[in-house]
Amino acid sequence: MKRDIFSLKGKVALVTGGNQGIGKVVAGYLADAGAHIVIFDLNDASAVAEAIAKEYGVQAAALVVDVTDPQAVEEAIQKAAGIMGTLDLLFNNAGICLHKPALEVSPQEWLKVIDVNLNGIYYVATAFARYLVAHGKTGNVVNTASMSGTIVNIPQGQASYNASKAAVAHLSKSLAVEWAPLGIRVNSISPGYIRTEMTGTVRKDWQDYWVSTIPFRRMGTPEELAGAVIYLLSDASTYTSGHDMIIDGCFTVV
Ligand SMILES: NC(=O)c1ccc[n+]([C@@H]2O[C@H](COP(=O)([O-])OP(=O)(O)OC[C@H]3O[C@@H](n4cnc5c(N)ncnc54)[C@H](O)[C@@H]3O)[C@@H](O)[C@H]2O)c1
């Protein structure tokens, strides 16, 4: 390679939902690519940050932040930039899922899913972009959508999740166009079934059904998403924005 176009060396990457699952694993890979890491999570991710700093020799910090609280998000962005010196990259990944038939979902439950998965993504992305603009910087965002924004999962009902993830993919495209003149790229990844704490606790017969319908005949791992996030956050993809990358073992292909 003429130069290391996939390197994130010296960049500061903010990862939301990084205390476990996809966020935790991808944060480690971003650090391995050279990025300093700051994690926002509802739960204290200090231990994750400490482990990343130790293993990869980068700076790492964690802040307890609820991404559904726009004021808290705004303050946390300022605090994170203060601790880390600056912010460059965002893996906007915190999310929740509700498996419940639509006819049984209460308005509060519906709002909760939309609040975390859509509003939270919006609050963090816009606070991050406001920070970049205020400091005369360009930057780069990857939002976590889902293949559920493209297809409808069965046998479980999860209309709120599916709708929220379709919205994340289109929000990403909208912000990509709006922020192109600012030098801020915005892409999304849409994972298929990935084995994490979120999916691991789902009833076994559903998991078996999912696996039987995936052409790869297995769920993916968080590690199998890391390369895509590094690609989209790095200089390997400088002409790519508004793209939704589906990573699903061919699930949406058939
Ligand atoms: N696991 C899958 O199969 C799969 C597939 C497609 C998309 N996704 C998406 O990937 C992302 C990560 O999923 P995962 O499987 O790692 O889930 P997970 O439940 O293992 O981890 C989610 C993390 O987000 C944090 N979080 C939840 N609500 C929050 C809030 N309000 N503020 C801050 N942090 C909050 C949690 O504390 C947790 O650390 C989610 O957006 C999810 O929808 C997952």
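Strand β4 (residues 89-92) and strand β5 (residues 139-144) run parallel and are joined by four bridges. The model in which they lie is predicted. In total, the protein has eight helices and seven strands. Its radius of gyration is 17 Å, close to the 18 Å that the globule rule gives for 254 residues, so the protein is as compact as a globular protein of that length.

**Overall dimensions and packing**

- The C-alpha trace spans about 45 × 45 × 35 Å along the principal axes of the protein.
- Of the 254 residues, 46% count as buried.
- Among contacts with a separation of 6 or more, 71% are made by residues 24 or more positions apart.

**The sheet and a helix packed on it**

- In general, the strands of a sheet pair through backbone hydrogen bonds, in either a parallel or an antiparallel manner.
- Here, seven strands form an open sheet with parallel pairing, in the order β3-β2-β1-β4-β5-β6-β7.
- The edge strands, β3 (60-64) and β7 (244-247), each pair on one side only.
- From one strand to the next, the twist averages 15°.
- Helix α8 (residues 223-233) packs on the sheet, where it touches β1 (12-16), β4, β5, β6 (184-191) and β7. The direction of α8 makes about 165° with that of β6.
- Within the pairing of β4 and β5, Phe91 stands opposite Val142 in β5.

**The ligand shell**

- The ligand is surrounded by 31 residues, of which the closest are Gly17, Gly21, Gly95, Thr196 and Met198.
- Two or more residues of this shell come from each of α1 (21-32), β2 (36-41), α4 (107-134) and α6 (197-200).
- By class, the shell contains 13 nonpolar, 15 polar and three charged residues.

**Backbone features of note**

- Most peptide bonds are trans, and most residues other than glycine have a negative phi.
- The peptide bond that joins Ile154 and Pro155 is cis, with omega at about 5°. Pro155 is placed in the loop between β5 and α5 (159-179).
- Arg217, a residue other than glycine, has a positive phi, near 60°. Arg217 belongs to the loop between α7 (204-213) and α8, and this residue is exposed, with 10 other C-beta atoms within 10 Å.
- Cys250 is not a glycine, yet its phi is positive, at about 80°. Cys250 is found in the segment after β7. Because 12 other C-beta atoms lie within 10 Å, Cys250 is exposed, the cut-off being 12 or fewer.

Methods. Residues numbered from 1 in each chain as written. Predicted model: local features only at pLDDT ≥ 70, side-chain atom pairs only at ≥ 80, totals over all residues. Rg over C-alpha atoms; globule rule 2.2 N^0.38 Å. Buried ≥ 20, exposed ≤ 12 C-beta atoms within 10 Å, placed from the backbone. Contact = placed C-beta atoms within 7 Å. Near = placed C-beta within 6 Å. Nonpolar A, V, L, I, M, F, W, Y, C, P; charged D, E, K, R; others polar. Pairing = 2+ DSSP bridges. Axes fitted to C-alpha atoms, helices over the stretch in contact; angles between N-to-C directions.
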